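Hi everyone, thanks for making time today. Let me put the model up on the screen, and then we can walk through a few of its strands, rings and backbone details together.

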Amino acid sequence: MMTCFAFRGPWQALVVILCLWNINSVTGQARYSIPEEQTEGSFVGNIAKDLGLDVTRLISGKARIITKGSRQYVDLNRDKGTLVIKERIDREELCGKTTPCSFGFEVILEHPIQLYRVTVEVTDINDNSPSFPKDEINLKIVESAAPGTRFSLESADDPDVGINDIKKYILKPSDNFKLEVKNQPDGGKFIEMVLENPLDREKEETRTLVLIASDGGEPHRSGTVRIHITVLDANDNAPVCNQPVYKVDVKENSPEGTVVTTVSASDADKGVNGDITFSIAHVAKEAKQLFDVNIKTGEIKVVGKLDFEKSKSYQLNVQASDHGGFTDTCKVIVQVIDENDNVPTIQLMSFSNSISEDSPPGTTIAVINVDDEDSDSHGIVKCSINSDVPFKIESSLTGYYTIVTESVLDRESIAEYNITITVSDQGSPPLSSSKSINVKVSDVNDSPPRFSKSDYSMTIPENNAPGFSMFSLSASDADWGQNARVSYFVEETQINGMAASLLVSVNSENGVINAVRSLDYEQIKWFEFNVTARDAGSPPLSSVAAVRVIVQDQNDNTPQVLYPVQTGGSVVAEMVPRSADVGYLVTKVVAVDVDSGQNAWLSYKLQKANDRVLFEVGLQNGEIRTIRQVTDKDAVKQRLTVIVEDNGQPSRSATVIVNVVVADSFPEVLSEFTDFTHDKEYNENLTFYLVLALAVVSFLFITCLVVIISVKIYRWRQSRILYHSSLPVIPYYPPRYSDTLGTGTLPHVYNYEVCRTTDSRKSDCKFGTVGSQNVLIMDPSSTGTMQRIQSEKNILDEPDSPLEVCQPEVMM
């Protein structure tokens, strides 16, 4: 599609031609034409309208102009979408005689990247007048010169082109000479003044002519040069060039002094009239600066730097002159041969130094322009990038390339890439250049935190201080920045009916797990909870690790003696018959330790005894046995102190007093009990639950006893059994002790059977096993007699026996 606009100003027609080709969805071209010498701010074209873009797109896309050279003639007004003149444009300075004259630049937009090529053609205005190299020309013409003799004149120069260039030459006066103008292949003019009427030195020795050069502009401009002619005496032979045309090839960048060719000419005259001199005439100023001819020999040498990119050929007009003023001109056509002397250039037009790792393949990260000023194969370039990066290079417009992603990026694998852009031409030898760019891959939160293990286990001693640092765990996140900032949280769960946050806490920054409260092994031996590691990404990612805490038992509980029970209101005594054999089981000390492991391993030993030779205690089972026969010399009452000690470090112990009576019957030892000192020591280490249980049992026992006494009170006085004793007798069956397995409870039941009458003095007991010993419980404040419990049945067999009430009791 092409759109053309035309505008006419007060002094010059302004033609703006816009040609826009839809190359693809993101590129295009536009072309404008403006006259030179426009003032700054002059309108060039509406680029937004011509390219079909909104002004808002130019603003949001940060549209800007990119030029190859150091000068920028046109500026972009993004707010209006127009192109305006930035600085004065001199067509002659920009292009010289080259037509058409134009310059190009690119308009680039970002987000997404769009590239448009704009070409501005600068049209010529008639702002230069023709000028001759010299203000005066001096000619010496022999009077014998025949009509038709030609005299070469230097042409004028007008930097303007086209219609504004020189269109005609006028010679005044024209009575003796006429002017002939010939066009040369390079566009220049070859001017010769032809003698029409012979000269007569005797009549007129000198003459002055005026040569006028006029251009075709409006208004016309002209330049003049005066020709002074001196008429000489006769010289009837003019120099003649040996070759009318010389064609030579010269490599560009040839060093100064390089001989291009040698021209030659001959003159039939003799002496001074036959001496020939050579000069370069009628050529452009640039050619005179590059070549020089030897005035005597005609040798042409290079005196400047030849550049194929500026001009591919030159035409030199070498004039051969004799002293008589006769001349002849030969043409020397110099063809410049291109050399691969220009290194390809790389220019970044647009570049994003950071790309998100989730960018899809085909995302553009850079637009580059490559150029080589050489021609033919020397100017054909190939652009590539290093192969060890996940990017590829694609060609868009001529000389433009885009670098796009070729595969999916992963910042956790490679965080940045160094891309080396290499461009090389096809010259011999080839020239190349390279440019490196660094592309950083920006992070996306695509990696969750990871613990080193999925399960953690730790051991902590009980009775720890609140705030005790139990363990430290950490999770790593392969992401970066905020996406890699990990915080730790304890998941809420129930542990033995208690929230996990009431037991442990975790430092959200470093993952240190602290105990919130002191732990008791006897209440909780182990527990599990989950710790969540969550990053600070959006959305956040997390992972979970299971933590198992094992509570390590400490020896913090003293052994508790269950039997014999130490009470403050009565004295408990164990009776040993005098006929007891060696190894007779007197009693058994029963103790427990609510700790576990070796902290609950109990050992028993006698601390103090009346006769160490008579009794011993089992180190492991607490059984008190006789180690010899009882003799008459043995004291009736024995007081044994047993120490129960656990195996902890340091160990804890408890002490129990065991009273033993050596006698065959209860009446025999009744008087001895009055001498027992009442044990006032209490076991202060009994747990609350044991005290409560004893209180309840005691209450139930007393209640039952009161009820029974109330019913049977009328029978109490009928019996004389134990009439003189108010001490109740409680038989004892040695309990079977087994390991409590660290549970802190007594799972075994101790059974005995009690039969009572309404008279407490007539109570009787049945023992469950044969050979069991007696236990006497004595109240020091009571008076009366104590009858030994026997296996005889005479009282029980009586028909009026008060033994009517029998009830089983359970002692825990």
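Let's begin with β19 and strand β23 (residues 299–302), which run antiparallel and are joined by three bridges. A quick word on terms: strands are DSSP runs of E with at least two residues, helices are runs of H or I with at least four residues, and both are numbered from the N terminus. Two strands count as paired if DSSP finds at least two bridges between them.

Before going on, please keep in mind that this is a predicted model, where local features need pLDDT of at least 70, side-chain atom pairs count only at pLDDT 80 or more, and totals for chains, interfaces and linings use all residues. Residues are numbered from 1 along each chain as its sequence is written, and side-chain values use heavy atoms, with hydrogens and water left out.

Back to our pair: T262 has E299 in β23 as its bridge partner. The sheet around them is open, has three strands in the order β19-β23-β22, and pairs in the antiparallel sense. β19 (259–262) and β22 (291–293) are at the edges with a single partner strand each, so one side of each has no neighbour in the sheet.

Next, a hairpin. Strand β8 (residues 101–109) and strand β9 (residues 114–123) run antiparallel, with nine bridges joining them. Along that pairing, G104 stands opposite T119 in β9. Four residues lie between the two strands of this hairpin, and in the turn H111 has a positive phi of about 60°.

Which residues of strand β32 (residues 416–425) are on the covered face, and which on the uncovered one? Y417, I419, I421, V423 and D425 make up the covered face, while E416, N418, T420, T422 and S424 make up the uncovered one. On one pairing, strand β29 (residues 381–385) runs antiparallel to β32 with five bridges, and I385 stands opposite I421. In another, β32 and strand β33 (residues 432–442) pair antiparallel over nine bridges, E416 having K440 in β33 as its bridge partner.

Y417 brings us to the rings. There are ten aromatic pairs, counting rings of Phe, Tyr and Trp (its six-membered ring) with centres within 6.5 Å, where planes under 30 degrees apart are stacked, over 60 edge-to-face and the rest tilted. F391 and Y417 are an edge-to-face pair, because their ring centres are 5.5 Å apart and their planes at 85°. This pair links distant parts of the chain, 26 residues apart: F391 belongs to strand β30 (residues 391–395) and Y417 to strand β32. Both F391 and Y417 are buried (under 20% relative accessible area, with exposed over 50% and partly exposed in between, using a 1.4 Å probe and protein chains only). Elsewhere, ring pairs link F451, Y456, F471 and Y488 into a cluster.

Last, the backbone. Most residues other than glycine have a negative phi, and most peptide bonds are trans. Here, though, K172 and P173 are joined by a cis peptide bond with omega about -15°, and P173 lies in the loop between β12 (166–172) and β13 (177–183). Another cis bond runs from E218 to P219, with omega near 0°. K62, not a glycine, has a positive phi of about 50°, and is partly exposed at 48% relative accessible area.
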